[in-house]
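Points are grouped by topic.

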Amino acid sequence: MNEVTMLIGGKDCPASSGATFERTNPVTGGVASRAPAATLADADAAVEAAAAFPAWSALRPTERRARLLKAADLMDARAGAFIECGMAETCAMANWYGFNVHLAANMLREAAAMTTQIDGSVIPTDTPDNLALAVRQPCGVVLGIAPWNAPVILGTRALAMPLACGNTVVLKASEACPAVHRMIGSVLHDAGLGDGVVNVVTNAPADAPAIVERLIAHPAVRRVNFTGSTHVGRIIAMHAAKHLKPALLELGGKAPVLVLDDADLDAAVEAIAFGAFFNQGQICMSTERVIAHRSVADALVGKLADKGRQLVADAPNARGAVLGAMVSEAAARRATALVDDARGHGATILGGGALSGAIMQPTIVDHVSLAMKLYAEESFAPVVTVLRVDSDDEAVQVANDSEFGLSAAVFSRDIARAMNVAKRVESGICYINGPTVHDEAQMPFGGVKGSGYGRFGSKASIAEFTDLRWITIQTGPRHYPI
Ligand code: NAD
């Protein structure tokens, strides 16, 4: 069992009230972690600890780079501990947490490289003897709120670029993985970033609304980033707007794969199965909708059902398991209810669907129609729907008939045709002949529509976590009209 503390001002802290909450293992039902249930005063203390250490922003960029690189190496070195802890808290497979550590460490390396890329510009001015500059500066304290489903990646992503830009940070850990998120704090602290540069707050699930509102409202918090559902993202956006704080929102998805009639079906099936079922479909980029040309749909569904049968879900360390458990029994029940609703409205269910506690087998829901909840709702489960269309135009229209717009994919042997389709799909990310699930630290990651706004990763994220200032120097006499 993991006994978790908060990280505030470089110190291991219990809640000021002494209260704790427990995270139970979704398969065994045993206690995986016990963590402090922060009070509002603890939330304030974490922000104030972050605000009290401007020394981080004053460090030479190459020094910030060196410390972030050290953190990346430390993260890699602790991969075993992250995997063990992740499997206990959220019950995905070891390879998922291993990949999490690999990508999160690379996010730290990529952020480290950015410390010397935060440049400005000299702007032509009409004012004689005047030098006009655009200068990027750190904003202050950045609040990061991360979910449990890719716990190491998303917890690290919430902090890496804000830190590279010279800000200090508060991570509000997910209630489902407090120990993994706290370990990210330890990695950064042990890499010598400095007391108060990184703070981690843990809270009981029932306290989340009040703690989050308090953190956003604190005057020292200057930027917010949130990764989670579209429902909570709207709440975060409203708090941020009330306090006039820019927010980066990475929200839900319902990624489509458009399979055109000239696609390599075997390649499409491999990509769809991976995208739909890896990590039990609990990835914001998970393939939730296959939109297939009618002429190839039956063959595609047959191959996908064969593939799905090979992907057995079980407890993560059970023999023969390819997929692990879902985050909770409640999540599996919700997904099963969505499948039952579709069946009730005439869908054909292929493959697994069998449910035991938090374990759900890969499920293909064919002949999905508008009347079914699964047409529009994110399942966040190993469930993929299939819709049939008669043209590229109809495929694009169906793909865009969604509140979400995060990831998408197009399969076709004709690259120009695929590119023309990809350009019309409303999503932040689109892969041609690749799975909807794919991320690299240096890429601009983010969505459109109900999937949020702002970009993590790449130089684009510098703008998210710096203030752009106009600074001038008068180098000669100035003329005034009065
Ligand atoms: P969630 O939105 O339910 O919860 C996220 C966090 O929000 C929680 O840990 C909680 O502390 C906080 N919260 C809950 N209720 C709140 C309230 N009323 N006010 C303020 N804060 C509140 O999301 P989740 O279940 O943890 O994660 C799954 C969701 O995240 C899915 O929708 C998934 O698509 C999305 N996601 C998006 C990305 C991305 O990059 N776009 C990545 C991963 C996950």
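By class, the shell around the ligand holds 14 nonpolar, six polar and five charged residues; Ala, Val, Leu, Ile, Met, Phe, Trp, Tyr, Cys and Pro count as nonpolar, Asp, Glu, Lys and Arg as charged, and the others, Gly among them, as polar. The model is predicted: local features need pLDDT of at least 70, side-chain atom pairs count only at pLDDT 80 or more, and totals for chains, interfaces and linings use all residues. Residues are numbered from 1 along each chain as its sequence is written, and side-chain values use heavy atoms, with hydrogens and water left out.

**Shell**
- Lys 172, Glu 175, Ser 229, Leu 251 and Glu 378 come nearest among the 25 residues around the ligand (a heavy atom within 4 Å).
- Domain 1 (2-251 + 447-470) and domain 2 (255-432) each supply at least three residues to the shell; the bounds come from an automatic or database domain assignment.

**Polar contacts** (pairs of N or O atoms within 3.5 Å)
- The side chain of Trp 148 has an N or O atom 3.1 Å from an oxygen atom of the ligand.
- A ligand oxygen atom also lies 3.3 Å from a backbone N or O atom of Gly 228.
- A polar backbone atom of Glu 250 is 3.5 Å from a nitrogen atom of the ligand.

**Burial**
- The ligand taken alone exposes 840 Å², of which the protein buries 86% (Shrake-Rupley method, 1.4 Å probe).

**Secondary structure** (DSSP runs: helices H or I, at least four residues; strands E, at least two)
- Two or more shell residues come from each of α6 (151-164), α8 (208-217), β11 (221-227) and α9 (230-242).
- With three residues, α8 gives the most to the shell.

Key. A polar contact is a pair of N or O atoms within 3.5 Å; within protein, one must be able to donate a hydrogen and the other to accept it, and residues adjacent in sequence count only if both atoms are side-chain atoms.
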